[in-house]
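Keep the viewer open as you read.

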Amino acid sequence: MTYRIAGLDPAQFVPLWKLNAAELDARGARRVVADADRRFPCRVTLDDARAGEPLLLVHHVHHDVAGPYRSAFAIFVRQRQEPAIYSDRCPPCFEGRTLSLRGFDADGTLAQAELASPGKADAVIRSLLADPRIAYINAHNAAAGCFAARIERDGQ
């Protein structure tokens, strides 16, 4: 079973970088500066910002489905970055974190969910994707609950 994890398309965030603090606030966003190397995971690059890097903290709908499983949460994004793509391996933002891996069917209904302790995400991803009901997985940082990335079977 092969899988793919891709960062979010940065184009959707480009207009936000041009806004002032009041305009960002009106959109539920704000500028922040990372004050540590491992606390600000960028959802475009799928790795953590370094201390001193500017980011946007935005409200992001990451599971845009009709029905009760529609979901959104705060995420960090860097400016002018290329989206990362990982095939059959986990991105740096998964390292050292406990993840909630939520497997959804093609209609966006939760089919199965598992926790993956640090270093175990790959095995849990493969196990979930072995279930034919699961069309994709949404990964979340278990402690904060924030969306980490979407995981799909390679070729989808």
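What volume does the largest cavity have? About 40 Å³. Before going further: this is a predicted model, where local features need pLDDT of at least 70 and side-chain atom pairs count only at pLDDT 80 or more, while totals for chains, interfaces and linings use all residues. Residues are numbered from 1 along each chain as its sequence is written, and side-chain values use heavy atoms, with hydrogens and water left out.

A cavity here is a set of points on a 1 Å grid over the protein atoms alone where a 1.4 Å probe fits but cannot get out, and lining residues have an atom within 4 Å of a point. Points are joined across faces, edges and corners, and volume is the space filled by probe spheres set on them. Searching the whole structure turns up one cavity of 30 Å³ or more. Its lining is made by P10, F13, V14, W17, V44, R78, Q79 and R80. By class that's five nonpolar, one polar and two charged residues (Ala, Val, Leu, Ile, Met, Phe, Trp, Tyr, Cys and Pro count as nonpolar; Asp, Glu, Lys and Arg as charged; the others, Gly among them, as polar).

## The open pocket

A pocket is an open set of grid points with protein on both sides within 12 Å along at least five of seven lines. The largest pocket has a volume of about 220 Å³. Of its 15 lining residues, A6, L8, F147, R150 and E152 are the closest to the centre. Strand β9 gives the largest share of the lining, five residues. The lining splits into seven nonpolar, three polar and five charged residues.

Strands (E, at least two residues) and helices (H or I, at least four) are DSSP runs numbered from the N terminus, and two strands pair if DSSP finds at least two bridges between them.

Five bridges tie β8 (residues 136–141) to β9 (residues 147–153), and A139 stands opposite A149.

## The three-stranded sheet

The other open sheet has the order β2-β3-β4, again antiparallel. Its edge strands are β2 (30–33) and β4 (71–77). Seven bridges join β3 (residues 54–63) to β4, where S71 is the bridge partner of H63.
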